[in-house]
Amino acid sequence: MFKKILIANRGEIALRVIRTCKEMDIKTVAVYSTADRESLHVRFADEAVCIGAAPSKESYLNIPRIISAAEITNADAIHPGYGFLSERAEFSAVCHEYGIKFIGPTPAMIESMGDKVTAKDTMKKSGVPVIPGSDGLLSTMEEGIKIANEIKYPVIVKATAGGGGKGMRIINSDSEFKKAWDDAKREAGASFGNDGLYLEKFVEEPRHIEIQIVGDQYGKACHLSERDCSIQRRHQKLVEETPSPVVSQELRERMGEAAIKGAKAINYEGVGTIEFLVDKHGDFYFMEMNTRIQVEHPITEEVTDYDLIKEQIKVAAGVPISGRNYFPNLFAMECRINAEDPMNGFRPSPGKILNLHLPGGHGVRVDSHVYAGYTIPPNYDSLIAKLITTGQSREEVITRMKRALSEFVIVGIKTTIPFHLALMDNAVFRSGKFTTKFLETSFDFSTIKE
Ligand code: MV4
């Protein structure tokens with residue numbers, strides 16, 4: 001087992017990794033930017049190294065500085081968390097070159113899933129359902145128009161280097177094609193330095209359902225059922241839950257098997273997530289694979305009693321997994337508490353937390369790095385806490401969430417708590433019958449109080 005792990009991240013996820021390391025008797029090294037001197041991950045780690053200025057490029061994205069910090073402190077592994085360098089094939093490769101174990105997949109695995117056309121092709125070949133569309137990259141716009149007429153509009157063009165919505169355009173007719181094509185190409189080129197596009201039939205009003213998987217170094221893989229992440233705004237998830245209100249046991253088994261096929265196709269090592277779109281007929285299609293731990297992993301932990309960070313560390317150290325799939329009987333939900341003003345288009349609201357009270361009690365978990373007196377810097381994402389409730393039914397989880405949200409006190413900044421309180425009372429949300437379009441098209445933001 002590793003003796004010392006450097007955490008190449010900040011905020012709640014850095015703290016989350018430190019907590020598991022302590023329980024595994026592994027020493028920890030925090031790295032931090034000058035904006036994060038007063039952060040809890042710095043105080044809770046055994047050692048801490050300042051790696052640069054506040055902008056991420058100079059600190060949390062700076063590979064040479066992070067490797068230097070690992071060398072100085074004699075760390076034998078690096079945990080990348082999520083975001084930042086977690087899905088950079090180059091970082092995984094550099095760690096390997098320096099004899100430091102990257103807690104995550106190999107550069108080849110990250111690369112094969114980072115290029116969306118390659119990922120889709122790999123999944124298709126291994127028997128995972130994919131959305132009908134172009135066979136790989138489109139070489140001309142005319143080729144795209146021809147395929148659109150064959151599979152019928154609406155269609156969607158996507159950037160092969162994309163993910164998360166950038167370089168993506170929905171097209172309804174031949175007449176819309178040229179503008180959408182030019183816009184998507186320009187946006188992809190500017191954002192990723194790669195303007196390759198592919199085309200798919202547009203799936204209307206889908207749900208976003210993802211399967212948590214774990215693979216070991218010996219070719220074994222298992223799944224831990226699904227998370228439903230359909231409550232999103234501008235590709236930012238706000239609430240996640242498990243099980244999905246629309247997934248039957250039969251569908252869960254088929255999606256789980258498909259996810260395992262995909263993981264085995266690339267001999268996947270580590271924890272990962274296979275994202276699917278589920279259409280109104282209950283058919284599912286591969287969308288993307290995330291080769292990292294995800295923000296919403298705690299809801300899976302709560303219903304399975306697995307520590308997913310511990311699983312990541314064990315797999316990276318070469319421990320084999322049991323390979324058994326997991327079908328939980330419990331329910332869990334996560335609300336993302338962001339330093340944002342939901343009444344003003346979720347505008348960021350950094351600043352000093354003057355007073356803080358965290359909720360607690362049975363079935364309530366809070367993953368957070370903030371404390372009274374802490375100043376949220378404006379440089380990073382606005383997630384300040386994850387509120388997770390667990391129970392015997394979806395109704396119990398929602399009731400408990402309302403109770404916990406009402407106990408939560410954060411003074412000094414605006415947060416998404418009032419939004420979550422209104423959502424928990426929303427009839428459509430409570431019915432469980434909503435799609436990824438729900439928040440942006442039918443949620444009444446004037447029901448938010450305060
Ligand atoms: C789609 C789609 C409909 N049809 N692909 C959004 C981000 C990226 N991961 C892919 N996305 C979508 N791909 C086809 N063929 C709809 C979306 C989509 C979406 C997906 C999941 C959750 C929220 C979403 C919001 C808008 C669009």
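## Second largest cavity

Arg 10, His 369, Tyr 374, Ile 376, Pro 377, Tyr 380, Asp 381, Leu 383 and Ile 384 line the second largest cavity. A cavity here is a set of points, on a 1 Å grid over the protein atoms alone, where a 1.4 Å probe fits but cannot get out, and lining residues have an atom within 4 Å of a point. The volume of the second largest cavity is about 50 Å³, where a volume is the space filled by probe spheres set on the points, with grid points joined across faces, edges and corners.

By class, this lining comprises 6 nonpolar, 1 polar and 2 charged residues. Ala, Val, Leu, Ile, Met, Phe, Trp, Tyr, Cys and Pro count as nonpolar, Asp, Glu, Lys and Arg as charged, and the others, Gly among them, as polar.

## Basis of the model

The model is predicted: local features need pLDDT of at least 70 and side-chain atom pairs count only at pLDDT 80 or more, while totals for chains, interfaces and linings use all residues. Residues are numbered from 1 along each chain as its sequence is written, and side-chain values use heavy atoms, with hydrogens and water left out.

## Largest cavity

The structure holds 4 cavities of 30 Å³ or more, and the largest has a volume of about 60 Å³. Its lining has 14 residues, of which Ile 103, Gly 104, Pro 105, Thr 291 and Arg 292 are the closest to the cavity centre. The lining of the largest cavity divides into 6 nonpolar, 6 polar and 2 charged residues.

The largest cavity lies between domain 1 (4–103) and domain 3 (207–447), because both give residues to its lining. The domain bounds come from an automatic or database domain assignment.

## Ligand site

For the side chain of Glu 200, the distance from a ligand nitrogen to an N or O atom is 2.9 Å. A polar backbone atom of Lys 201 is 2.8 Å from a nitrogen atom of the ligand.

Taken alone, the ligand exposes 520 Å², of which the protein buries 89%; accessible areas come from the Shrake-Rupley method with a 1.4 Å probe.

Notes. Polar contact = N/O pair within 3.5 Å; in protein donor to acceptor, adjacent residues only side chain to side chain. 1 Å grid on protein atoms, 1.4 Å probe; cavity = no way out; pocket = protein on both sides within 12 Å on 5 of 7 lines; lining within 4 Å.
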